[in-house]
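This text walks through one protein chain, part by part. Please keep the sequence and the 3D view open while reading.

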Amino acid sequence: MAKTRILAGGIAQESHSFNPVPTDRSRFSIRTGRDAVETARGTNSVLGGIVDAAEEAGAEVVVPTIFRAQSGGPVKDAVFAEMRDQMCDAARRGDFDAVVLPLHGGMLTPSLEDPEGALMTALRAIVGPDLPMTAGFDLHAHVTPEILARCDLLAGYHTNPHGDQGPTGRRAVRAALDMLQGRLRPALAAVHLPMLTLGNDRTDEEPLRSLHALARAAVEAGAAYDVSIFNAQQFLDVRGLGQWVLAYGNGAAPDALALELAQALWDERHALIGTYPPLDESLDRAARGTERPLILGDQGDRVAGGSPGDGTYVLRALLARDDLPPSAVPIADAAAVQACLRAGLGATVTLTVGGRYSTASPPVTVTGEIVSCGASAEVTYAGPADAGTRIGLGGYAVLRVGRVHVVLTEHPYSYLDPGYFRAMGVDPAAMGIVITRSGYHFTLNYAAIGDCVTVDTPGMTSYRVQDLPFTVARPFFPLDDLDHRPRLHVRGSGVP
Ligand SMILES: [Zn+2]
């Protein structure tokens with residue numbers, strides 16, 4: 001018998017509706033063919049899980065292309081079209097038995113609210129209704145009726161912060177192989193909830209911990225084949241934004257389980273909204289002196305959440321005080337970097353930086369000395385998360401303004417590892433205050449050098465969603481007071 005072949009690939013990026021900076025092709029890492037398979041093998045990524053699970057089962061994975069970028073503004077239509085065409089060309093060759101897609105879910109293009117659904121629709125039109133097609137998505141995916149109609153089984157991460165990317169890919173492969181071998185006939189019970197989770201949504205804490213435990217117990221007991229609870233990316237102004245509970249049964253849909261989980265999620269909607277301490281509380285603490293640096297997550301300008309990374313709210317606060325220890329604060333500003341590279345190392349310059357795209361934070365004019373600069377740099381992650389990962393940076397310059405080190409970069413970054421600062425000549429362990437552009441993933445890799453606190457700041461990724469210009473996505477909780485009763489989604493129906 002010929003070896004089972006699985007077609008895998010696609011695009012993974014999380015978009016922010018209100019970030020005006022489009023994500024262009026240069027922001028993507030693109031891998032194709034054997035290179036894509038070999039670099040994914042053994043890694044804790046969705047594609048890695050797909051490759052490992054398939055190969056363990058004696059199957060082969062074919063990857064026409066995989067596009068990956070960090071969060072940001074909507075992806076240019078031409079980038080999506082290039083990926084889609086490559087996937088469709090491969091699908092037309094027809095030399096495979098199943099399709100398994102490693103996607104993020106929650107991407108936008110200027111013309112598409114649901115590019116993942118559009119990709120699945122295009123592939124379905126080629127492979128027909130009967131070929132198994134499954135997918136592995138991020139827990140923060142925006143799920144749509146189109147995706148549910150095209151995809152036989154959609155598996156989402158079970159953890160936030162995310163640690164089970166590989167196992168999610170394995171679940172998607174397992175379902176496809178079980179279908180191929182006639183062991184599985186997926187039957188979906190799905191419930192949509194018009195609500196957002198905002199800040200109290202770790203899966204290792206209540207209330208989500210108990211919901212996931214209930215789902216896991218149902219799967220272990222054989223009451224469901226696979227269950228996912230999606231907490232949508234909060235900054236998508238699209239129809240049907242909200243939570244989804246997906247429970248797949250074998251032959252019969254586990255309706256009661258999906259409704260029980262969805263009702264519990266709805267009942268906990270107030271508890272799923274968290275609050276963060278104000279910035280001043282941490283600055284006061286730093287002023288009193290701390291043993292280790294304070295590592296602050298700038299909640300309002302999280303590049304990890306799709307923000308432009310040029311917010312100046314924290315920079316202003318640092319410059320306004322003279323009682324603070326040395327600090328490092330990143331600002332993405334290509335023009336400022338170019339000006340510094342022209343002036344050269346050691347020069348003193350006056351520049352207006354940041355605030356070009358970020359809301360609630362105008363540009364700031366500073367005078368300082370260029371203490372480090374370069375046209376490129378390479379970050380090596382210290383870990384533990386992604387230890388050893390190497391990432392190339394574009395142009396950068398570090399401007400010392402009194403005790404504040406303004407880390408200027410051509411492109412925005414999340415600063416998930418101290419290696420970013422080190423790559424640009426700043427030792428974060430020698431600072432009293434270090435700012436990152438992440439909400440909680442940064443805590444994993446900075447715990448070794450400092451005390452991590454996420455602070456409440458205004459901006460595009462603040463959970464003060466009332467400050468954002470939502471129109472299409474409304475009504476949803478908490479912006480709207482809804483009298484809602486969870487009910488089962490009927491497959492084939494439109495927007496919930
Ligand atoms: Zn996520």
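W266 counts as buried, because its relative accessibility is 4%; buried means under 20% relative accessible area, exposed over 50%, and partly exposed in between, with a 1.4 Å probe and protein chains only. The model is a predicted one, in which local features need pLDDT of at least 70 and side-chain atom pairs count only at pLDDT 80 or more, while totals for chains, interfaces and linings use all residues. Residues are numbered from 1 along each chain as its sequence is written, and side-chain values use heavy atoms, with hydrogens and water left out.

F477 is also buried, at 7% relative accessibility. By the rule that rings of Phe, Tyr and Trp (its six-membered ring) pair if their centres lie within 6.5 Å, with planes under 30 degrees apart counted as stacked, over 60 as edge-to-face and the rest as tilted, the chain has twelve aromatic pairs. W266 and F477 form one of them, edge-to-face, with 6.4 Å from centre to centre and 65° between the planes. W266 belongs to helix α8 (residues 255–267) and F477 to the segment after β21 (451–455), so this pair ties together parts 211 residues apart in sequence. Helices (H or I, at least four residues) and strands (E, at least two) are DSSP runs, numbered from the N terminus.

The rings of Y415 and Y420 make a tilted pair, because their centres are 5.4 Å apart and their planes stand at 50°. Y415 is buried at 2% relative accessible area, and Y420 is buried at 4% relative accessibility. Both belong to one aromatic cluster, formed by Y381, Y413, Y415, Y420 and F421.

Next comes a sheet. Its five strands are ordered β4-β1-β6-β7-β8, in an open sheet with parallel pairing; two strands pair if DSSP finds at least two bridges between them. β4 (60–62) and β8 (153–156) are at the edges with a single partner strand each, so one side of each has no neighbour in the sheet. Inside the sheet, three bridges join β1 (residues 5–8) to the parallel strand β6 (residues 98–102). I6 has A98 in β6 as its bridge partner.

What does the whole chain look like? The secondary structure of the protein chain comes to 13 helices and 21 strands. Its C-alpha atoms fill a box of roughly 70 × 50 × 40 Å along the principal axes. Of its 496 residues, 58% count as buried.
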